[in-house]
Amino acid sequence: MEMQSLYLLVPLAPLVGALAAGLFGNVLGRAWSHRITIALVAVSFFASLVIYRDVMAGHLFNGTVYKWMSSDITSFEVGFLIDRLTVMMMLVVTFVSLMVHIYTIGYMEDDPGYQRFFSYISLFTFSMLMLVMANNFMQLFFGWEAVGLVSYLLIGFWYTRPTAIYANLKAFLVNRVGDFGFLLGIGLVLMVFGTLDYQSVFTNAHNYVNDMAPIPGVSVGLLTAICILLFIGAMGKSAQFPLHVWLPDSMEGPTPISALIHAATMVTAGIFMVARMSPLFELSDTALSFVMVIGAITALFMGFLGIIQNDIKRVVAYSTLSQLGYMTVALGASAYSAAVFHLMTHAFFKALLFLAAGSVIIAMHHDQDIRNMGGLRKYMPITWITSLIGSLALIGTPFFSGFYSKDSIIEAVGMSHLPGSGFAYFAVVAGVFVTAFYSFRMYFLVFHGEERFGKEHHGHDEHHGLAPGQKPHETSWVVTLPLILLAIPSVLIGFITIEPMLFGDYFLDAIYIGSNHHALVEMREEFHGAFAMALHALVSLPFWLALGGAVSAWFLYMKRPDIPETIKRKFSGIYSVLDNKYYFDRFNDWFFAGGARGASRLLWKFGDVKLIDGFFVNGSARLVGMFSGVLRGFQTGYVYHYAFWMIIGVSALLTVRTWFE
Amino acid sequence: MIFGYPLLSAAVWLPILFGLLVLATGNDRNAKMARTIALVGAILSFLVTIPLYTGFDRMTSDMQFVEMKDWIARFNIHYHLGVDGISVLFVLLNSFFTPLVVIAGWKVIEKRVAQYMAAFLIMSGLVNGVFVALDAMLFYVFWEAMLIPMFIIIGVWGGPNRVYAALKFFLYTLLGSLLMLVALLYLYHQSGGSFEILDFHRMAMPSLSAQILVFIAFFMAFSVKVPMVPVHTWLPDAHVEAPTGGSVVLAAIMLKVGAYGFIRFSLPITPDASHYLAPVMITLSLIAVVYIGLVALTQSDMKKLVAYSSISHMGFVTLGFFIFNAYGMEGALLQMISHGFVAGALFLCIGVLYDRVHSRQIVDYGGVAKKMPIFAAFFMLFAMANSGLPGTSGFVGEFMVIMGAVKANFWYAFLAASTLIFGAAYTLWMYKRVIFGAITNDHVAHLRDIGNREKLVFVFLTVAVLGMGLYPLPFADIMHTTVNDLLVHLATPKVLN
């Protein structure tokens, strides 16, 4: 009983905060708005900790909060499923959210929309918690769309900027494309299983392994269809190729939300969802293959784009895309726990990298171009060290958290035998080099080398950037404290948790792996502790690739900056493909957005205006008018006209009469 | 009957009486009194309908709160009223909107105030009459009478092209109604001299072709009102020319009357024809969802855009009816109620802008959020509801209909679910151009945010939209028995031999 009120407290506390700051922000003022929201998110975090201890003691929960709706014999409910997967997500979400809340005090200091911002991020926390705590598909969809809404609101937070409101509409619509598939997947689940409750669906799924999907004209397995449709939803939310296009643009939002929503939590919802659905995905190798290939494409090709970005946030954004690809590949290889493990470590180090980027942006007076930075380590030591930690974790340096999760993914993919696993393995291994290269390119350009800030730069927004001669300085403690607090798990969490999460029985109840998929089992046999794993990695390919990437970045951007310029000139074709992000945005704008607008105008002008209104409606009106015009002609008002017609009429009648007699 | 007085008669006649009373205040010197009386009347009329919900017996699909008196004994026509689990909701929805419309027009309408308020009150009573009439002739009288106040509202308080729009509206709907009258007379004849709608439900029909003809006659009347493609083009014109209150009632209530007709007449009276023609109905519904959804995208007039969005959303209603399962049917009914709230709210939002800038063109706006943040927040909520966001009422019906459509045929659901993309695209694109961005012109720069009167209206609608989105059970609960019985009835062939 007591625990159940705690379950409720976790999502509701941030909701109350959101409502307080959103509805009464003006009354509360800035300070009280952030105090209340931060306190309530902290409450949520500590409650999650208590629940974590309880869950670890073996107390799982699956129950209804209230009945939302019923129809036929189905009841649609709002309810919680509290198991180890849920509670891990709850901890990650509330912890990162708490850090971001604190950080926001510093980052949004001068913004007129201060209270609104706190309201939104608390609302996001609520939505995300409802998503991860759901015990049924409908509530999952609720949370799914709700986080999408808050993401929309936050990307467009600076709503007077044309780029921001373009990006948020784009993000919402691209996500809607994913949700379109997601909702149809849910529809199939409801139709076949008669319920949307996870537990009943999962326990009955194996009865449908050989069934075909009830889709007329398409011959595909039922579970394959369900899984792929659900995964299309994940492709939208977790920005997988080809629905990835919204994520880089989402960087238009303020940096704290890039960390919270577009790196640590919301974009991992798709990964979480697939892991949650493991009892379904395990029954369809086709779907798993599909997942793996999509993830591999994203992991490698989005990484390439990170290399040529000059906007500090966009580098991190492309690295997020690529890392989400890694997680997705792991899902496809049935290494759900590795995916979720990487989700967790990534949440810490990527939130750290984003918040550090934000700290740099503050110091640079909102100039985000890394070509205008350099040598910042002297001025911002905390940001520098924490960024270095984040980058080392990201590229998979042994003993850092990212190493354990990423290496596990690579190993798991290597052991997969599904179609496409060869390509996926190549993609994730090659991706290691790419990741290290762009991460350290950014790191060196920002923190080392020549100080390029404070110069006159032309054609640039005069509100941004340091004035000539002005020096950057370290940001205030509300900004650096979250950096430090995030740096600690970025280093340690992998070493501590790999054994229970990946090879122990942490996810025993939550994640199901079919007996035909034994990547994790094999890995468990080879695992001899976290320490040995890191040592062993020193003689493995990924480590040398990562080192190679970092060293190349150092050589190319610190020692010989002329070489990248030469490469850019020599290979201008490849460069412009990358610079145009493989032309996806252009194609989408032209084909989908332009096409829809064109079709709309055409259909309207032709269908509604010309055909229905022009021809039928007004046409029949004209027809009536014509008839009446003819009839009116008879109403001349001259008696002799009427008499004439009368005579004709009478004689006609008489003629007819005589004929028929 | 509860508390000893005839509730349904009260729901019908109380607003009409108050309407006449308002008319009696005469010219605009007494405008203040006219407004006050209208508001009191509207609120009272809403309050008398509340016992219909609280006192409703959910276990039966029989008609409740029945009143039965002779009217024209010679033709066996009765004053027969009653509600079941479906119609009761629409009486409430209609009565809920009347006070809102009165408040919304409080300051905006300055000319012929009494007549304006009276028209809405009288219309509200007549619409309630449509929903509660159990005698076909009585229904027909209310059905036709209801057109008159709306015709006047558009024709008198409307925009520059109001006469064309009013006439189009009137002729379109009248044409359909006449065929319905023919069908009713045929049914009267077949039933051996009864105008009881419930007798029509029970009685067998001589042949499938007879059913089909009756179905088509009803279809002509109801499809125009819904409106279904291709007889929808009167709606954008009517909305554009109608004053705000007129648009609100048109979208929130009038469109529901057509859909209600399908439930009360077409489906139960001609179940076999309904099955036979279901593919046609489903096709028309899906065209409404997809084609109209696309057409809405490039509308430059906000009212036209929301009008097209209404047609697209009503496509879900007719789709839900004709896939013949509980998800679809209940989803359709919930969609009707939700669409009332959401479309009504959107027209009020556009009205708020129109009152200030006197333009409905999207290009005349931009950056409104800067000057009207509170309004922008309300508008955002309703725009999201129109995009079917979970947690708002707009989600419930669409979700259920899509779930039902998957059951019927996956591809129906596939096409219907495209609204997830189109609906969001046209609504949020409009929102973006109107509300977001930099301030584009002087009109926008001088906007002032909504006042308490406008806030009040929006708060009521917010409660409705969010309440229904977060907890639709009370709306669905009351209709279960009736819907299930209707589905059983529909599955039983009623052709003789």
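Predicted model: local features only at pLDDT ≥ 70, side-chain atom pairs only at ≥ 80, totals over all residues.

Me: What percentage of the residues of chain A count as buried?

Reply: A residue is buried when its relative accessible area is under 20%. Chain A has 661 residues, and the part of them that counts as buried is 60%.

Me: What area is buried between chain A and chain B?

Reply: The contact takes 54 residues from chain A and 61 residues from chain B. On the side of chain A, A:Trp68, A:Arg176 and A:Phe180 lose the most area to chain B, together 13% of what that side buries. Carbon and sulfur atoms give 73% of the area buried between the two chains, which is about 5200 Å².

Me: Which residues form the salt bridge between chain A and chain B?

Reply: Between chain A and chain B there are 20 residue pairs in polar contact, both residues being at pLDDT 80 or more. The salt bridge count between these chains is one. Its N to O distance is 3.4 Å, and the side chains that meet there are those of A:Asp72 and B:Lys407.

Me: Which element supplies the largest share of the side of chain A that touches chain B?

Reply: Several elements of chain A each supply at least two residues of that side, including strand 1 (61–71), strand 2 (74–82) and helix 24 (584–634). By class, the side of chain A that touches chain B has 36 nonpolar, nine polar and nine charged residues. The largest share is 17 residues, and it comes from helix 5 of chain A.

Me: Is B:His232 buried or exposed?

Reply: B:His232 is found in the loop between helix 9 (208–225) and helix 10 (234–241) of chain B. Leaving aside neighbours within four places in sequence, B:His232 is in contact with residues of both chains, among them A:Asp608, A:Ile612, B:Tyr172 and B:Pro227. Because its relative accessible area is 0%, B:His232 is buried.

Me: Which peptide bond has omega near 5°?

Reply: Most peptide bonds are trans. In the loop between helix 9 and helix 10 of chain B lies B:Pro227, and a cis peptide bond with omega of about -15° joins B:Val226 and B:Pro227. B:Pro230 is also found in the loop between helix 9 and helix 10. The cis peptide bond with omega near 5° runs from B:Val229 to B:Pro230.

Me: Which residue has its backbone oxygen 3.2 Å from a polar atom of the side chain of B:Arg360?

Reply: B:Arg360 sits in the loop between helix 14 (326–357) and helix 15 (368–371) of chain B. B:Arg360 counts as buried because its relative accessibility is 16%. Not counting residues up to four places away in sequence, B:Arg360 touches residues including B:Ser300, B:Asp301 and B:Tyr354. The backbone oxygen at 3.2 Å belongs to B:Val240.

Me: How many Å apart in space are A:Gly221 and A:Trp246?

Reply: A:Gly221 lies in the loop between helix 6 (198–204) and helix 7 (222–237) of chain A and, at 21% relative accessibility, counts as partly exposed. Beyond four places in sequence, A:Gly221 is in contact with A:Asp211, A:Met212 and A:Ala213. A:Gly221 and A:Trp246 are 25 residues apart in sequence, and their C-alpha to C-alpha distance is 31 Å.

Me: Is A:Ala239 buried or exposed?

Reply: A:Ala239 is not a glycine, yet has a positive phi of about 50°. Its place is in the loop between helix 7 and helix 8 (246–249) of chain A. With a relative accessible area of 0%, A:Ala239 is buried.

Me: How many disulfides does a search of the whole structure find?

Reply: A disulfide is a covalent bond between the sulfur atoms of two cysteines. A:Cys227 counts as buried at 0% relative accessibility, and B:Cys349 is buried, also at 0%. Over all chains, the number of disulfides found is zero.

Key: Residues numbered from 1 in each chain as written. Chains lettered and ligands numbered in written order. Heavy atoms only, no water. Disulfide = S-S within 2.5 Å. Buried < 20%, exposed > 50% of the residue type's maximum accessible area, 1.4 Å probe, protein only. Contact = heavy atoms within 4.5 Å. Buried area = accessible area lost by both parts, 1.4 Å probe. Salt bridge = Lys/Arg side-chain N within 4 Å of Asp/Glu carboxyl O. Polar contact = N/O pair within 3.5 Å; in protein donor to acceptor, adjacent residues only side chain to side chain. Helix = DSSP H or I, 4+ residues; strand = E, 2+ residues; numbered from the N terminus. Nonpolar A, V, L, I, M, F, W, Y, C, P; charged D, E, K, R; others polar.
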